[in-house]
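Good morning, colleagues. Please have the sequence and the model before you.

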Amino acid sequence: MKIELGSNRNPPAQSVDLSARTIAYFSMEIALDPSLPTYSGGLGMLAGDTLRSAADTGAPMVAVSLVHRCGYFRQKLDASGQQTETAVPWTPETLPSAGEVVSLTMQNRTIKVCAWRFDVVGVAGHVIPVFLLDTDIEGNDPYDRRLTDTLYGGDTYYRLCQETVLGLAGVQLLHQLGCLPAVYHMNEGHASLLTLSLLEDRLSPGQTLADATEEDRLAVAQQCVFTTHTPVPAGHDQFGLDQMYAVLGQDRAKALERFGGLHNNLLNMTYVALRFSRWVNGVAMQHGKVSQQMFPDYHVESVTNGVHAATWIAEPLQRLFDDEMPRWRHDNQYFRSVYGIKPSRIANAHRVAKHKLIETIAERTGEALNESVLTLGFARRVATYKRASLLLEDPKRLAKIAKKLGGLQIVFAGKAHPADTAGKGLIKEVFELAGKIGSTGSLRIVYLENYDWELGGILTQGVDVWVNTPRRPYEASGTSGMKAALNGVPSLSILDGWWIEGCAEDVTGWAIDDGDTDAAEAASLYDKLEGRIAPMFARPNAWARMQQHCIAMNGSFFNTDRMLGQYFANAYFPQAPATEATPADEAIAEAAILA
Ligand SMILES: *Cc1c(COP(=O)(O)O)cnc(C)c1O
């Protein structure tokens, strides 16, 4: 099955003066439309939400990504929870072409790269053009034609080729289109080879990268902003030097070496970005600090993530807000004014969203859940540190709690990367535990297939409590709990990532206490469930008041409108330049004075 964009989602390219666009946002994945498989998870969602807020707020941005013709996969789970994957091909040809073809040398041969343009259109019609790079062009080497097919596919060599296309062809394309941004924002290290292209731009005719100086590096860094997204080491791309030479060639490889892009004798995309950026940030306050410890030679700031409110709020709540404070679509600060809306109206709107969730579960699984029973949601990319099975750590206790409450429902969802055998094992483990526990009657557990944009919305809008159980401090931010908050759904979570900033105990949700073992943390989770959550859930007025707090306190802050504003004020066009030079820069300045 090929995915076609609906005609309503495919407006004709509006004329945009690209020469007036001052910020270029580069991301390996961007969630552009629920029907497009151009993202895998949180990173792509964040990129899409960022651009949607950029469109709403009239930001002078453009964006670049790859077209991912085969898409990120659709997940199937058999009765034992064994995951299989199917490709989700789509046809970018229904989009307008960017109108330019870039010619690039990599792997010691020429590759041509074209692009499709997807317009993200804001609430008042402002357009953020997104250029999706595509190497499937006749005349390209057959291997090269497949380079923009599969997001996070192939081996490391394939990935390095993809990142070369993203960074080098991406910058060239913008330039050929007459777009000369003042700021390049690298959303994660996948995009960091764009700095090489900017370095090449600075060379005079006849010069090679061997002629690039420290001054050139600093000049490139003046144009670049880098956001790092995870403290998990596997999240930082590294490539062997043989691959670096083979893909990029002598000239570029030597430049990367000379300017500090290697770490432990590997090409390290995070270090490339660190070396060539004037601003570096983590995605929540704590993550910035953890990243600062990981990279002590650089100055690392923090900008806490957000989500695009209009993308994630359930329709009935949107209608309520449209009635009561219609400017929320232009200005998310109005969410604070939710305190002027009767809590019972929020609760009623949420009930409609919960009904839709229960209906969706019935359609997809045949399981009929009960709309008046406390329902927990847990959905995320399956990774060991996220500990999907912590909720089921003590099945006996959980069953006892469920019985005491007169019912408890838990809804799981999540994909494991196709090559992640451990992750796939975790899904099976949850299935197995659920199978064992499921027979007790008062406790119902379902695992929904194919966690994606649509399901992410239905879940965060419809459950009563959003659960998150990462192992500290590996959750850089997390954004699904923010979607829940905007829908009046409190979180029960480990104090990690954004929740450190969002948790007001008994007001916006509950913290799972830190413990030395999984069992200790699970015990705290059960204590909160039994001792605090269930009693409040039994008092509808108190619960409705809590839903109101979630939106007013957390919805008004953990949104991408606020986040983008912070990027503008601190990273893109800071009024006060960063006060602390990086130690590396100081050393360089010293060397320059001595020279
Ligand atoms: C929001 C979202 C994510 C990211 O959520 P986390 O809390 O960071 O796990 C991942 N996948 C989908 C489909 C989402 O909607």
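A salt bridge here is a side-chain nitrogen of Lys or Arg within 4 Å of a carboxyl oxygen of Asp or Glu. Because Arg 52 and Asp 49 are three residues apart in helix H1, about one helical turn separates them. By this rule the count comes to 32 salt bridges.

The model is predicted, and local features need pLDDT of at least 70, side-chain atom pairs count only at pLDDT 80 or more, and totals for chains, interfaces and linings use all residues. Residues are numbered from 1 along each chain as its sequence is written, and side-chain values use heavy atoms, leaving out hydrogens and water.

Let us stay with H1. Helices are DSSP runs (H or I, at least four residues), numbered from the N terminus. The axes of H1 (residues 42-56) and H19 (residues 560-572) come within 9 Å and cross at roughly 80°. Axes are lines fitted to C-alpha atoms over the stretch in contact, with angles from 0 to 180 degrees between N-to-C directions. H1 is therefore roughly perpendicular to H19, a term that covers 65 to 115 degrees.

H10 (residues 315-324) and H11 (residues 343-365) have axes that come within 8 Å and cross at roughly 150°. H10 and H11 are therefore roughly antiparallel, the word used for angles over 145 degrees. Among the residues in contact are Leu 317 and Leu 320 of H10, and Ile 346 and Val 352 of H11.

I turn now to the domains. How is the protein divided? The domain assignment, automatic or from a database, gives domain 1 (18-77 + 84-302) and domain 2 (310-555). Their centres, taken over C-alpha atoms, are separated by 33 Å. The contact takes 30 residues from domain 1 and 31 residues from domain 2. About 2,500 Å² is buried between the two domains, and carbon and sulfur atoms give 59% of that area. Buried area is the accessible area (1.4 Å probe) that two parts lose on being put together, summed over both. Gln 75, Leu 77 and Gln 286 supply 25% of the area that domain 1 buries against domain 2, more than any other three residues. The rule finds two salt bridges across this interface.

Definitions and conventions
Helices (H or I, at least four residues) and strands (E, at least two) are DSSP runs, numbered from the N terminus. Angles under 35 degrees count as roughly parallel, over 145 as roughly antiparallel, 65 to 115 as roughly perpendicular and the rest as oblique. Contact means heavy atoms within 4.5 Å.
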